[in-house]
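Please look through the sequence and the model, and then follow the questions below.

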Amino acid sequence: MDETTPNILLEDLRRQIQNRHVVAIVGAGVSVAAADNKSVASWKGLLTSGVERCVAVVPALPDGWASRVQEEINSGDLDDLLSAAEKVSSKLSNHGGEYARWLRETVGSLRVVNSDVIIALNNLGVPLVTTNYDGLIEDVTRTRSVTWLQAGHIEAILRGDDRGVIHLHGHWRDPKSVVLGIRSYDSILGHAPTQALLRALRAMR
């Protein structure tokens, strides 16, 4: 790669953005930055809070359950993290409305402290797609949240006919849309409209 290659690539990216051939995929780093490093803005921090909530509200947890799940979270291994997420979501989902309450009191309570990155992303003028569960981007851009369960609305956003933030892993206000553990990942993998949109997105953007 010669020294002119980065400039060529940058100009190509600018051209693709100008022509709206790009989507911005936004991950947890944006939420962490916007919420001033609030721990639950990250996936590992959220899962740790889930373990703590399980200990607080779920009766008769097996001995050592919390420490075993926390070890999975701390390992950083994706399989372990998914396993921990499944355990947390299963325990809380089976305990009344505790799962929805936990989401509301963690990711649902996040507030924007620094909006610089979100403003910069919004100024690109391209569709914003996120794996985050919170609504921080919407708080800044004054747009609505659209989850993977709303395929028609996603199509409208990608066509430029509507505005909104596409939540590939769901939004806290709709707990059934939140992709957290293994079973919820299986649900989105088996959701034909979502998979068709993802294939089209990969081919066109």
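**Loops and a helix pair**

Q: Is Val-22 buried or exposed, and what is its relative accessible area?
A: Val-22 is buried, a class that takes values under 20% relative accessible area, with exposed over 50% and partly exposed in between (1.4 Å probe, protein chains only). Val-22 lies in the loop between helix H1 (5-18) and strand S1 (24-26), where helices (H or I, at least four residues) and strands (E, at least two) are DSSP runs numbered from the N terminus. The relative accessible area of Val-22 is 18%.

Q: Which atoms do the side-chain values use?
A: This is a predicted model in which local features need pLDDT of at least 70 and side-chain atom pairs count only at pLDDT 80 or more, while totals for chains, interfaces and linings use all residues.

Q: How many Å apart in space are Val-22 and Val-126?
A: In sequence, Val-22 and Val-126 are 104 residues apart. In space, the separation from C-alpha to C-alpha is 6.4 Å.

Q: Which side chain makes a polar contact with the side chain of Thr-143?
A: Thr-143 sits in the loop between helix H8 (136-141) and strand S3 (145-147), and its relative accessibility of 16% counts as buried. Leaving aside residues up to four places away in sequence, Thr-143 touches Glu-138, Arg-163, Gly-164 and Val-165, contact meaning heavy atoms within 4.5 Å. A polar contact is a pair of N or O atoms within 3.5 Å; within protein, one must be able to donate a hydrogen and the other to accept it, and residues adjacent in sequence count only if both atoms are side-chain atoms. At 2.7 Å, the partner of the Thr-143 side chain is that of Thr-141.

Q: What is the phi of Arg-142?
A: Most residues other than glycine have a negative phi. Arg-142, in the loop between H8 and S3, is exposed at a relative accessible area of 71%. Its phi is positive although the residue is not glycine, near 55°.

Q: At what angle do helix H4 and helix H5 pack?
A: Axes are lines fitted to C-alpha atoms, for helices over the stretch in contact, and angles run from 0 to 180 degrees between N-to-C directions. The axes of H4 (residues 65-75) and H5 (residues 78-93) are 7 Å apart, and their packing angle is about 140°.

Methods: Residues are numbered from 1 along each chain as its sequence is written. Side-chain values use heavy atoms; hydrogens and water are left out.
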